[in-house]
Amino acid sequence: MTTKRAYKLQEFVAHSSTVNCLKIGRKSSRVLVTGGEDHKVNLWAIGKPNAIASLSGHTSGIDSVSFDSSEVLVAAGAASGTIKLWDLEEGKILRTLTGHRSNCISVDFHPFGEFFASGSLDTNLKIWDIRKKGCIHTYKGHTRGVSAIRFTPDGRWIVSGGEDNTIKVELFSFNLVVFSTRRDSKDTIFFFYLLVFSVCMFAYRFSEHSCMHVSNLHSILSIFSVPNKRTGIWPCHLCDATIVTRDL
């Protein structure tokens, strides 16, 4: 039997007080975010001795942290129940979100789209829309704190574990259409809307009906591409974008 030896890559003092939480970025697996009782959120490159950045703004201990899928955004939930969202590229707080009545002890980003979830000792699981700057849905059902949450890789379900010894699997369904560009460009987004408008006008001219409803958008987009049946993603090569049509 072959025995593999493990060795210590790194050891460092991350905070001036207790380290309450940490998360490694899923994209690169080379960045680490930590949250401490000292109210700080620190960002590290694995293997490097010093913090890349120290994110301040919370006034109570940090109980949960998470990267988004691109490792550009960091969410941190605090003992006060407040959640702060940082844009690492801009180096600033993007959002300060309130709504939990007690410690926010778990956070997780949706695998695509601009959503994330948070769980709290107040027994609630909340879904937040970064663009709308607020909570768009609250799942209830746990009788004690929601200590762990995770979206499924396809984004259709959210799983939560609680201090009430239960696991709940909830359908993430808001009937939204998420549009995400691979290039963060206003011109690209404008071109997308222009493209959809042009297709609508083209389809209208050849339609036997006098009007076309938004519900027909799915079939309109099929003129340009065939969706992947497993993922539901519509590649749109003309505008270098991904159009995602899901029951979120």
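His 39 counts as partly exposed because its relative accessibility is 31%, where partly exposed lies between buried (under 20% relative accessible area) and exposed (over 50%), computed with a 1.4 Å probe on protein chains only. This is a predicted model, in which local features need pLDDT of at least 70 and side-chain atom pairs count only at pLDDT 80 or more, while totals for chains, interfaces and linings use all residues. Residues are numbered from 1 along each chain as its sequence is written, and side-chain values use heavy atoms, with hydrogens and water left out.

The loop between strand E2 (31-36) and E3 holds His 39, whose phi is near 75 degrees, a positive value in a residue other than glycine. Asn 165 also has a positive phi, of about 70 degrees, although it is not a glycine. Its place is the loop between strand E14 (157-162) and strand E15 (167-171), and Asn 165 counts as exposed because its relative accessibility is 76%.

Back in strand E3 (residues 41-45) sits Asn 42, which counts as buried because its relative accessibility is 7%. A polar atom of the Asn 42 side chain lies 2.8 Å from the backbone oxygen of Ala 14. The side chains of Asn 42 and His 15 are joined by a polar contact of 3.4 Å; such a contact is a pair of N or O atoms within 3.5 Å, and within protein one must be able to donate a hydrogen and the other to accept it, with residues adjacent in sequence counting only if both atoms are side-chain atoms. Leaving aside neighbours within four places in sequence, the residues in contact with Asn 42 include Leu 32, Thr 34 and Ser 54, contact meaning heavy atoms within 4.5 Å.

For the protein chain as a whole, there are 2 helices and 18 strands, assigned as DSSP runs (helices H or I, at least four residues; strands E, at least two) and numbered from the N terminus. Of its 248 residues, 43% count as buried. Among contacts with a separation of 6 or more, 40% come from residues 24 or more positions apart.

Over residues 139-169, the chain is 0% helix and 52% strand, with the end C-alpha atoms 11 Å apart.
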